[in-house]
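Subject: The two-chain model for you to look over

Hi,

Here is the model I promised to pass on. Have a look at it first, and then read on for my notes.

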Amino acid sequence: MDRKIRVLIGKPGLDGHDRGAKYIARALRDAGMEVIYTGIRQTPEAIANAAIQEDVDFVGISLLSGAHNHLFPEVARILSEKGASDIILFGGGVIPEEDIPNLKKAGYAAIFTPGAPASEVVEFINLQMENRQ
Amino acid sequence: MSSTADIIRGVSEGSIRAVARALSMVENGTSNSSDILDELFGLRRGITLGITGPPGAGKSTLVNRMISHYRDEDRSVGVIAVDPSSPFTGGALLGDRIRMQSHASDPGVFIRSMGSRGHLGGLSGATRDASFVLSAAGYNPVIIETVGVGQAEVEVADLADITLLVLVPGLGDDVQSMKAGIMEIGDIIVLNKADNSGIDQLESYVKASLELMPSGLKRPEVIRVSATAGEGLDDLWAAVDRFAASHTEKERISRSAIKTLNEILKENGLLFSEKLLEMEYNGREEAEELILTGTMSPYAIGKNLLKAAEGMFEHNGSK
């Protein structure tokens, strides 16, 4: 049996717009990955719990409400508190350029802003997997 | 943390990270997975519930209700939710968690999504092994939700102690439900979406086709519920308890052990056959070539492999 890349796509916060999250989830599926989608309005704790139970390689967080400066680092903090800091984090959504450095400092390997093609996310994941081996 | 002994200890102590890792190992068939399963096998306890039925029957919603019910009884609940993998890319979109969101922060609930990874029958190849890992970690019940089944995917009945077949009005006529196989796998038949019109008709179809079952088989109970509205669920839980009480835990555990042996024999048979192919024909590709060029039939190859195996055993026996 072969090993599949497993990715969890989570949507924290109060905005219910998950077109972007679903678009990325489908693109990753079509690239041969197993994608777990949690649905909208998840707490950072619920996302972290799910990521650990599902033993994923990546967690992608999508957020359009503007609360990324709080919620993104919160997911990273809970994961590392639970001993799962080896899971690679990435984020996407309406995120101003000036916020990106701080999110990277908080543990996000990449932030994708509106207009980024899905192929960019696929490439990012494949590259990270190669580096890991 | 990644050593086999650490994983086994972690699972038996109920460590969530260890359980998650062990599930990945059995799912990926890593080299230590049979050691892990060998150790954990004896720790299995409790009951395994299989939930199956056509796509859109409300399986995930029912599982969500079921989790709440067993959590109210203060039991830890394990869930394995299987969704189809694409036969073309191998990818899968696993979305069963969406309907179980209300339990996402509950440490007493462990939900694992699995892609079917090319396995037919409504499960993935590793579902049985995964259910043992959760059971050994103390989750009771372990609930297995299959992919939406058609008419031949009856495998879950072979794995679960109790199988719930979920049906809804409007998904097929009486002829569909009378097809052999699918009706027989339900220990309990759940008629969901009982608030929809057509429920009376569905119930009479189901009952009529159960009348036609061979007389030796136990007839399943038929229970109407509305998983969304939360109606009829107490009747369902009582039916599950009644069914569970009809077998002792010891009977359940030994039944599942024998079925596991059957699975292992099948897997080993495949491995031995491939080794024999290697010995006799330099592997599968050359054997396929012989078939495609019309040199040999698949049956002739099969006969030769059996003969070669018998030769080996006789040789060993005469020593």
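**Confidence and overall picture**

The predictor gives the complex an ipTM of 0.90 and a pTM of 0.88. For chain B the mean pLDDT is 87, with 92% of the residues at 70 or more. Where pLDDT is low, the predicted coordinates should not be read in detail.

Chain B has 12 helices and eight strands. Its C-alpha trace spans about 65 × 50 × 40 Å along the principal axes, and 40% of its 319 residues are buried. Counting contacts in chain B between residues at least 6 apart in sequence, 73% join residues that are at least 24 apart. The chain is divided into domain 1 (1-41), domain 2 (44-246) and domain 3 (258-317). Taken over C-alpha atoms, the centres of domain 1 and domain 3 of chain B are 32 Å apart.

**A sheet with strands from both chains**

Which strands make up the sheet that takes in both chains, and in what order? There are six, arranged as β5(A)-β4(A)-β3(A)-β1(A)-β2(A)-β3(B), and they form an open sheet with parallel pairing. At the edges are β5 (108-112) of chain A and β3 (92-94) of chain B, each of which pairs on one side only. From one strand to the next, the twist averages 20 degrees. Helix α2 (residues 44-53) of chain A packs on this sheet and touches β1 (6-10), β2 (34-37) and β3 (58-63) of chain A. The direction of that helix makes about 165 degrees with that of β1(A).

The link between the chains within the sheet is β2(A) with β3(B): these strands run parallel and are joined by three bridges. If you want a residue pair to look at there, Ile36(A) has Leu94(B) in β3(B) as its bridge partner.

Ile24(A) sits in helix α1 (residues 19-30) of chain A and counts as buried because it has 23 C-beta neighbours inside 10 Å.

**The interface**

**Inside chain B**

Is strand β2 (residues 77-83) of chain B enclosed or open? Seven of its seven residues are buried, so this strand is largely enclosed by the rest of the structure. Val77(B), Val79(B), Ala81(B) and Asp83(B) point one way from the strand, while Gly78(B), Ile80(B) and Val82(B) point the other way. The strand runs parallel to β4(B), with seven bridges between them, and Val77(B) stands opposite Val109(B). It also runs parallel to β5 (residues 142-145) of chain B, with four bridges; here Ala81(B) stands opposite Glu145(B).

**Backbone details to check**

- The peptide bond from Asn140(B) to Pro141(B) is cis, with omega near 10 degrees. Pro141(B) is in the loop between α5 (127-136) and β5 of chain B.
- Asp74(B) has a positive phi of about 65 degrees although it is not a glycine. It lies in the loop between α4 (59-72) and β2 of chain B, and is exposed, with 7 other C-beta atoms within 10 Å.
- Asn282(B), also not a glycine, has a positive phi near 60 degrees. Its place is the loop between α10 (249-281) and α11 (284-292) of chain B, and it is exposed, with 11 other C-beta atoms within 10 Å.

Best wishes

Terms used:
Residues numbered from 1 in each chain as written. Chains lettered and ligands numbered in written order. Predicted model: local features only at pLDDT ≥ 70, side-chain atom pairs only at ≥ 80, totals over all residues. pLDDT = per-residue confidence, 0-100. Helix = DSSP H or I, 4+ residues; strand = E, 2+ residues; numbered from the N terminus. Buried ≥ 20, exposed ≤ 12 C-beta atoms within 10 Å, placed from the backbone. Contact = placed C-beta atoms within 7 Å. Pairing = 2+ DSSP bridges. Axes fitted to C-alpha atoms, helices over the stretch in contact; angles between N-to-C directions. Domains from an automatic or database assignment.
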